[in-house]
Structures are given as structure tokens and as C-alpha cells.
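This report is meant for someone meeting the structure for the first time. Please keep the sequence and the 3D view at hand while reading.

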Amino acid sequence: MTTRKLITFDWALKKLLRSKANFGILEGFLSELLRDDIQILEILDAESNKDDACDKFNRVDVKVKNAKGELLLIEVQYERELDYLQRILYATSRTLVEQMREGAPYSDLVKVISVNILYFNLGEGEDYVYRGRTHFRGLHKADELRLSTQQRLLFPGKEHGWEVFPEYYLIEVNRFDDVAKDSLDEWIYFLKHEEIKDEFSAKGLAEAKQTLDVMKLPASERQAYQRYLDDLSYQASMVESSYGIGRKEGREEGREEGREEGREEGREEGREEGREEGREEGREEGKEETTVAMARALKQKGVPLETISFASGLSMEAIQRL
């Protein structure tokens with residue numbers, strides 16, 4: 001069993017997969033994820049189609065139109081965002097509005113599918129692929145609302161209410177256990193490791209194995225790709241190091257202040273009751289000081305406020321005041 005080191009998927013989206021000659025790779029990934037035979041007609045302009053140095057930490061997103069006229073939003077995201085679910089809701093809503101012609105009937109709205117490849121854990125859960133759809137179920141009969149005969153004529157191939165609404169896929173790459181149980185898992189293995197095992201047979205991977213070989217890049221592109229990887233590693237190390245330093249400093253400060261307050265209140269209140277209350281308040285003060293010190297250290301290192309808020313639980317306003 002052998003593997004090959006390949007270009008990361010986000011870099012491929014930015015540089016290679018927008019070319020019609022390479023649509024087969026993206027079609028393979030989408031076909032395995034959606035369990036449908038996806039044919040890409042074109043790749044449209046998306047929000048972060050930028051190539052300048054300031055974009056190196058931004059998300060990568062692509063807007064695809066398939067043969068059914070549906071729009072697929074594909075996004076790769078590295079940095080944690082507490083309001084990520086709200087943001088993808090906004091993105092799909094904006095896409096619906098942008099493609100709607102003025103004065104056109106609502107029946108002209110197309111299906112929007114949001115595919116999100118996340119290199120952080122969003123919320124709590126045990127799975128690594130989540131699918132979100134809008135269902136209409138009866139409160140009393142628990143039946144699912146289906147389209148009428150006339151509606152099915154207007155929307156060919158659709159029978160249920162949820163098929164009209166945007167659909168969401170969340171792939172939490174870090175939660176994948178590296179055991180490829182099906183063809184979609186083979187793709188997720190590649191997303192996590194930039195490697196394709198010889199025995200993998202998922203649609204699009206054979207083409208990806210050839211096209212996304214790092215060594216086949218021109219020298220200038222290979223150097224740019226290496227700088228991109230270095231930038232990502234630096235960003236990750238800065239967050240991890242700053243978090244660790246802030247947590248250690250805050251813990252030590254919190255312990256000392258907590259012990260002192262505990263002793264002082266214990267003396268004032270007297271014997272056992274005072275000691276217990278002092279210990280409890282000291283622990284709480286210690287936790288708070290730990291959090292504040294960690295947040296302050298991260299801020300001094302230039303870590304984005306959203307990341308600090310996620311790591312510390314403090315509000316954006318509180319962090320700005322530090």
C-alpha cells in the first residue's frame with residue numbers, strides 16, 4: 001500500500017479546479033458527497049476569488065452551476081467562527097437573491113447547496129459529516145409535507161417540500177478517524193492528509209492523483225504553494241502558542257489571587273465557614289483571571305478577535321477593552 005503527497009484541496013480550488021479541463025475532479029467529489037451524478041456547467045465568481053498576500057488566511061470558496069441549474073457553494077474554512085452557521089445561512093440567502101431576476105416569479109428560484117469543508121470542530125457532535133435540510137412535518141399526524149401534482153409539474157423531479165429549500169453539508173475533517181469505509185470517506189481522507197491510497201476508487205480521485213501532484217507544478221507555482229503552507233503553519237502555531245502561554249500565565253495569576261482572597265475572607269468570616277467560602281470564591285476568581293490573562297496574551301500576539309472569543313468565551317467587547 002502506497003500513498004502520494006498531493007496539493008491541498010483549498011489550493012487546488014484557488015488555482016487548478018476552476019479550469020474546465022479539471023472539472024472531473026470536482027465533479028467526482030460532489031458526486032460522492034451528494035450521491036448523485038454531478039455534471040458541472042461552469043464555475044461562477046465567488047466572494048473570495050483573490051490572489052493577493054492579504055488573502056492567505058481567508059476562506060476559499062467556489063460557486064458552481066451544475067447541469068440541473070442548481071448552484072453549489074463550496075467553502076474551505078480553517079479558522080474557527082462562532083457564528084459560522086449564521087454565515088452560511090447568509091451566503092445561501094444572498095445567492096438566492098442575487099440570481100433572482102427582477103419581476104420574475106418565485107418559481108424561478110434555483111436550488112442552492114452549501115458544501116462546507118471545515119478544519120475545526122463546529123459545535124458538539126460525534127459524526128464528521130452533517131446534512132441540514134428544511135423539513136415540514138405535521139404537529140399532530142407527524143406526516144411529511146409533499147408537493148401536489150401541480151407543484152411537481154412546476155418543479156420536475158421534486159416531491160418533497162425540503163427539495164425546494166437550500167441544503168447544507170458540513171464536513172468536519174478533523175473528526176474523521178482515517179478509516180475509509182466508503183467512497184466518500186476516501187475523499188475525506190484526501191481532504192485531511194493530501195494523500196490518495198492506491199486502492200482508493202472514488203470518483204474523481206484517479207484524476208486528482210495525477211493533476212494534483214505537487215511535483216508536477218511549475219517551479220514558481222511550487223514555491224508559491226510552499227509559502228502558502230508555511231503561512232498556514234505559522235498562523236496555527238501562533239494561535240496554539242499564544243493560547244498555551246496565556247493559559248499558563250493566567251492560571252498562575254488566578255491561583256495566587258484566589259488563594260489570597262480565600263485566606264482573607266476565611267479570616268474575616270471565621271473558621272470553617274470562612275475557609276469554605278474563601279476557597280470557592282478564590283477558585284472562581286482564579287478561573288476568571290486565567291481566562292482574562294489568556295485572552296490578553298492572544299490579543300497581544302495579534303490573534304483575530306473572533307478566535308480569541310471562541311477560545312476564551314469572552315465577548316468581543318470585553319476583549320477589545322483588554
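The model is predicted, so local features are taken where pLDDT is at least 70 and side-chain atom pairs where pLDDT is 80 or more, while totals for chains, interfaces and linings use all residues. Residues are numbered from 1 along each chain as its sequence is written, and side-chain values use heavy atoms, with hydrogens and water left out.

## Strands

Helices (H or I, at least four residues) and strands (E, at least two) are DSSP runs numbered from the N terminus, and two strands are said to pair if DSSP finds at least two bridges between them. The pairings described here are collected in the table.

| Strands | Sense | Bridges |
|---|---|---|
| E1 (residues 40-44) and E2 | antiparallel | four bridges |
| E2 and E3 | antiparallel | six bridges |
| E3 (residues 71-77) and E4 | parallel | seven bridges |
| E4 and E6 (residues 167-172) | parallel | six bridges |

Leu44 has Lys63 in E2 as its bridge partner, Asp61 stands opposite Glu75 in E3, Leu72 is partnered by Ile113 in E4, and Ile117 stands opposite Ile171 in E6. Between E2 and E3 there are four residues, and the two strands form a hairpin in whose turn Gly69 has a positive phi of about 85 degrees.

Burial is judged by relative accessible area, with buried meaning under 20%, exposed over 50% and partly exposed in between (1.4 Å probe, protein chains only). Strand E2 (residues 60-66) is largely enclosed by the rest of the structure, because six of its seven residues are buried. In strand E4 (residues 112-118), seven of the seven residues are buried, and both faces are covered: Val112, Ser114, Asn116 and Leu118 lie on one side, and Ile113, Val115 and Ile117 on the other.

E3, H3 and E4 together make a right-handed β-α-β unit; a crossover is right-handed if, with the strands pointing away from the viewer, the path from the first strand over the helix to the second runs clockwise. Within helix H3 (residues 84-99) lies Thr92, which counts as buried because its relative accessible area is 1%. With contact meaning heavy atoms within 4.5 Å, and with residues up to four places away in sequence not counted, Thr92 touches Leu73, Val112, Ser114, Pro166 and Tyr168.

Helix H5 is also mostly covered, with eight of its eleven residues buried, among them Leu184, Trp187, Ile188 and Phe190. What covers the buried residues of H5 includes H1, H2, E4, strand E5 (129-132), E6 and helix H6 (205-211).

## Nonpolar cores

A nonpolar core is a set of buried Ala, Val, Leu, Ile, Met, Phe, Trp, Tyr and Cys residues joined through side-chain atoms within 4.5 Å. The largest one has 49 residues, and those with the most contacts inside it are Phe9, Leu26, Phe29 and Leu212. H2 gives the most to this core, with seven residues. A second, separate core of seven residues includes Ile88, Leu118, Phe120 and Leu122. Leu26 touches Phe9, Leu13, Leu17, Ile40, Ile43, Val64 and Ile74, again not counting residues up to four places away in sequence.

## Aromatic rings

Rings of Phe, Tyr and Trp (its six-membered ring) pair if their centres lie within 6.5 Å, and planes under 30 degrees apart count as stacked, over 60 as edge-to-face and the rest as tilted. The structure holds ten aromatic pairs. In one of them the rings of Phe9 and Phe190 have centres 6.3 Å apart and planes at 90 degrees, so the pair is edge-to-face. This pair links distant parts of the chain, as Phe9 in helix H1 and Phe190 in helix H5 (residues 183-193) are 181 residues apart. Phe9 counts as buried at 2% relative accessibility, and Phe190 is buried with a relative accessible area of 1%. Phe9, Phe29, Trp187 and Phe190 form one aromatic cluster.

## A loop residue

Lys20 lies in the loop between helix H1 (9-15) and helix H2 (23-34), and it counts as exposed because its relative accessibility is 65%. Lys20 and Glu42 are 22 residues apart in sequence, and their C-alpha atoms are 7.6 Å apart in space.
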